[in-house]
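This report describes pockets and aromatic pairs. Please look at the sequence and the structure first.

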Amino acid sequence: MSDTPFPFETYSHAGEVVAVVVRAGVRPAATAFATDAEASLQLGFIVSPAGREIPRHVHRPPVRTVTRSAEVLVVDSGTCEMDLYGDDLTPVATVALNTGDVALLLCGGHGFRMTDDTVILEIKQGPYPGLDEKEHF
């Protein structure tokens with residue numbers, strides 16, 4: 001994780017980060033990442049003063065082996081409860097999510113219960129192989 005103080009919630013099991021939650025309205029004073037460099041999907045804030053420019057660029061196509069399906073969920077509206085599980089399906093935590101909260105799911109399992117009418121924006125790695133990739137438990 002970043003050495004920069006950052007108010008995020010980390011849920012771990014057996015030495016692995018299962019999920020990171022950033023609450024709505026929580027912002028660091030300086031650029032900070034909630035994930036370490038080895039995470040399969042990175043989550044952080046880039047904090048810049050007015051007038052700063054990030055030089056235009058492209059990302060060179062790296063060669064990566066993806067072994068997990070990481071996801072970012074943004075609660076656009078409503079509320080829900082997110083159940084988190086380790087890779088061995090051990091329950092890790094139940095986390096209430098509200099409008100504006102962001103959850104990064106890196107490993108293990110998860111499930112959701114909507115406590116209000118809810119819209120969740122999901123961002124994940126593709127291509128999507130279809131429902132066969134999911135194992136329900």
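Which residues lie nearest the centre of the largest pocket? They are G108, G109, H110, K134 and E135, out of 24 lining residues. The model is predicted, with local features needing pLDDT of at least 70 and side-chain atom pairs 80 or more, while totals for chains, interfaces and linings use all residues. Residues are numbered from 1 along each chain as its sequence is written, and side-chain values use heavy atoms, without hydrogens and water.

A pocket is an open set of points on a 1 Å grid over the protein atoms alone, where a 1.4 Å probe fits, with protein on both sides within 12 Å along at least five of seven lines; lining residues have an atom within 4 Å of a point. Volume is the space filled by probe spheres set on the points.

| Pocket | Volume | Lining by class |
|---|---|---|
| Largest | about 730 Å³ | eight nonpolar, eight polar, eight charged residues |

In the largest pocket, β9 gives the most to the lining, with four residues. Strands are DSSP runs (E, at least two residues), numbered from the N terminus.

There is one aromatic pair (ring centres within 6.5 Å; planes over 60 degrees apart count as edge-to-face). The ring centres of Y85 and F137 are 5.0 Å apart and the planes stand at 90 degrees, so this pair is edge-to-face.

Conventions: Phe/Tyr/Trp six-rings, centres within 6.5 Å; stacked < 30°, edge-to-face > 60°. Nonpolar A, V, L, I, M, F, W, Y, C, P; charged D, E, K, R; others polar.
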